[in-house]
Amino acid sequence: MKAAVTATAHYLPPDVISNSYFERFLDTSDEWIRTRTGISERRFLKQGGTSDLITPAVKECLRERGLAPEDIDVVIVATVTPDQFFPSTAATVQRKAGLKNAWGFDLSAACSGYLYALFTAAKMIEAGGAKRILVCGGDKMSSILNPEDRTTYVLFGDGAGVMLLEATEDDSLGLQDAILCMDGAGGDYLYMTAGGSQKPATAETVANKEHYVIQDGKSVFKSAVIGMAEVSAQIMERNNLTADDIAWLVPHQANLRIIDATANRMGLSKDKVIVNIDKYGNTTAGTIPICISELYHSGRLHKGDALVLSSFGAGFTWGSILLRWALDAPKSE
Ligand code: UT7
């Protein structure tokens, strides 16, 4: 038995923030942002929290599968921007979407959160511990960005995606393999200083702007290029796959140059790589499910397609998942 995706949906807030917006108050330019990252615009959620990004995607996912909210056993939310420390955002989504019979939890692994959550959910299904799991990934990154820091403010966006996992008796479909990695030494390069138990919020931490993302971009970039490319090539090798066997690379959307390096290492041509960083920036745990939902709804995913999902992020955390798509392309699209 394997765990397969039986529905997917995503949500992006309506407010579009173009690169030129930042030119008004930061020493930056549309040209710098586009050429260094691949980003042209992103979305910012004006009101509400991460649960308000995830809940509409959950409702749409259920609608497409023709299920009632009560039919869900488990909801997992991968995020680094929970609505609040507790209760979990999973509990809030459970309430807002009416998932009366579901238990669930949040999972924190930054940009690799979605891969960690997908693997966890698949193993729960394979072990017979759950039948229908909503695997959600989303972040309201705008809530933890310093508007005065040009090295981070321009990079991220808000958004969420969801996939429903259910068992399939066809072992050639669903989640086939996963390589998940972590190196805590990377914690020095991408982090938020205060607000946790080590350094709780005080008037001083707020005054010192310690509740924002801090990133040593160059160091993260170097590790990301190596980590994401290696793990993606490794999952191909150990499953005896060549570039011809892969339908799509679904990479975390942090930087177009990291995505290109990963595709090159895998020997994949550009037409097999899903890229939407230009429209949405880096939505952290949201990037991979948003990409997959967009691919599926545009009719470019077919039953049996081999997808390699790859990510790299804070922790450091990184990994790769081999997924065989189990749904036919939607008829109306
Ligand atoms: O998803 C989580 C994981 N995160 C990532 O994977 C991100 C990895 N890192 C990156 O994507 C890239 O390192 C960045 C996009 C963050 C930065 O690009 P870079 O080509 O590595 O630039 P850099 O950090 O080496 O900075 C080059 C210059 C610096 O100026 P000086 O020191 O050469 O005078 C920066 O201060 O660009 C400057 N700079 C900017 N200039 C205009 C940094 N940010 C900006 C900006 N606008 N927004």
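This section describes the sheets, helices, salt bridges and cysteines of a predicted model. Local features were considered at pLDDT of at least 70 and side-chain atom pairs only at pLDDT 80 or more, while totals for chains, interfaces and linings use all residues. Residues are numbered from 1 along each chain as its sequence is written, and side-chain values use heavy atoms, with hydrogens and water left out.

Helices (H or I, at least four residues) and strands (E, at least two) are DSSP runs numbered from the N terminus. Two strands are taken as paired if DSSP finds at least two bridges between them. In general, strands of a sheet pair through backbone hydrogen bonds, in either a parallel or an antiparallel manner.

V77 has C136 in β6 as its bridge partner.

β8 runs antiparallel to β13 (residues 317–324), and eight bridges join the two. In this pairing, I179 stands opposite S320 in β13. Contact means heavy atoms within 4.5 Å.

Helix α3 has 15 residues and reaches 21 Å from its first C-alpha to its last, close to the 21 Å expected at 1.5 Å a residue. The expected span is 1.5 Å times one less than the number of residues. Its buried residues are S51, L53, I54, T55, A57, V58, C61 and L62, where buried means under 20% relative accessible area, exposed over 50%, and partly exposed in between (1.4 Å probe, protein chains only). The cover over these residues includes β1, β4 (74–78), α4 (89–97), β6 and β7. After α3 comes G66, which has a positive phi near 75°.

The structure holds 13 salt bridges, defined by a side-chain nitrogen of Lys or Arg within 4 Å of a carboxyl oxygen of Asp or Glu. One of them joins E166 and R65, with the closest N and O atoms 2.6 Å apart. This pair links distant parts of the chain, since E166 is in strand β7 (residues 158–168) and R65 in helix α3, 101 residues apart. E166 is buried at 8% relative accessibility, whereas R65 is partly exposed at 33%. R65 and E166 also belong, with R132, to a network of salt bridges.

Another salt bridge joins D15 and K46 (3.6 Å, N to O). D15 is in the loop between β1 (2–11) and β2 (16–18), and K46 in the loop between β3 (41–43) and α3 (51–65), 31 residues apart. D15 is partly exposed at 31% relative accessibility, and K46 is exposed with a relative accessible area of 54%.

The structure holds zero disulfides, a disulfide being a pair of cysteine sulfur atoms within 2.5 Å. For C136, the closest cysteine sulfur is that of C61; because the two sulfurs are 8.1 Å apart, they are too far for a bond. C136 is buried, at 0% relative accessibility. C181 is likewise in no disulfide, and its nearest cysteine sulfur, that of C111, is 15 Å away.
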